[in-house]
Amino acid sequence: MHFNLKEIISSSLILFSVIDILGSIPIIIDLRKKNGSIHAEQATLVSGAIMIGFFFAGKFILHLLGVDTNSFAVAGALIIFLIGLEMTLGRNIFKAEEMQEGTHSIVPLAFPVIAGAGTMTTLISLKSQFEEENIIISILINLIFIYLVLRSSVWIEKKLGNVGTQILRKVFGVILIAIAIKIIKTRLF
């Protein structure tokens, strides 16, 4: 094993910026309001399982399905685009009634918000730059931070207040739309 602090910090920061859990706070608050609660442990564990599973088997799974990473990234971007539209326009695209009790912590929170196409394609690209054990440590560091943010969503919402939450929701909705368009543009053109 070759642990390298510089690689751990670099890959942690790259993952942190792609996962963007702080930017997902309006989505987390919105999901909690719609469904009554967020299961921080469940969402963190499922996100971690998706990330680690895809880290080791992602290219193989996509190849097996005949899907290239660009198509996968565009599909994830479309979901992010729809979430951004929902946040910006105040319309429900992901209806709570259609989901089983407790699954809102998995869909759309664990996947695609936390461990979405952007995170997965980033993990594949990190694998070509850094040692595997350093990337696994960076995934674990990000999961700890994700858990802390999910766990403190009620406190964050109280600090922001209703107006602050609404403003943050609209602003990050537009940012999500822009990120989705950027992913689509870079993958298709």
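The model is predicted, so local features need pLDDT of at least 70 and side-chain atom pairs count only at pLDDT 80 or more, while totals for chains, interfaces and linings use all residues. Residues are numbered from 1 along each chain as its sequence is written, and side-chain values use heavy atoms, leaving out hydrogens and water.

A nonpolar core is a set of buried Ala, Val, Leu, Ile, Met, Phe, Trp, Tyr and Cys residues joined through side-chain atoms within 4.5 Å. Here, buried stands for under 20% relative accessible area, exposed for over 50%, and partly exposed for values in between (1.4 Å probe, protein chains only). The largest such core has 39 residues, of which Met51, Leu109, Ile114, Leu123, Ile139, Ile146 and Leu150 touch the most other members. At least two residues of this core come from each of helices H1 (5-19), H2 (25-35), H3, H4 (69-89), H5 (106-114), H6 (117-127), H7 (132-151) and H8 (153-188). Helices (H or I, at least four residues) and strands (E, at least two) are DSSP runs, numbered from the N terminus. H7 gives the largest share of the core, seven residues. Apart from this core lies another, of six residues, including Leu62, Phe72, Met120 and Ile124.

Setting aside residues up to four places away in sequence, leucine 123 touches Leu15, Met51, Phe55, Ile135 and Ile139. Phenylalanine 111, found in helix H5, is partly exposed at 29% relative accessibility. Beyond its neighbours within four places in sequence, phenylalanine 111 is in contact with Ile50, Ile106, Gly116 and Met120.

On the surface, Phe60, Ile61, Leu64, Leu65 and Val67 form a nonpolar patch that together has about 510 Å² of accessible area. Patches are made of residues with over 30% relative accessible area and no salt bridge, with like charges joined within 9 Å and nonpolar side chains (Val, Leu, Ile, Met, Phe, Trp, Tyr) within 5 Å. The areas come from the Shrake-Rupley method with a 1.4 Å probe, and for residues only the protein chains shown count as cover.

Three aromatic pairs are present. Rings of Phe, Tyr and Trp (its six-membered ring) pair if their centres lie within 6.5 Å; planes under 30 degrees apart count as stacked, over 60 as edge-to-face and the rest as tilted. Phenylalanine 16 and phenylalanine 145 form an edge-to-face pair, with 5.2 Å between centres and 65° between planes. Because phenylalanine 16 lies in helix H1 and phenylalanine 145 in helix H7, the pair ties together parts that are 129 residues apart in sequence.

Seven salt bridges complete the picture, each a side-chain nitrogen of Lys or Arg within 4 Å of a carboxyl oxygen of Asp or Glu. Aspartate 30 meets arginine 169 in one of them (3.0 Å, N to O). Aspartate 30 is in helix H2 and arginine 169 in helix H8, so this pair ties together parts that are 139 residues apart in sequence. Both aspartate 30 and arginine 169 are buried. Aspartate 30 also forms a salt bridge with lysine 34, the closest N and O atoms being 3.6 Å apart. Through shared partners, salt bridges join Asp30, Lys34, Glu86 and Arg169 into one network.

Technical notes. Contact means heavy atoms within 4.5 Å.
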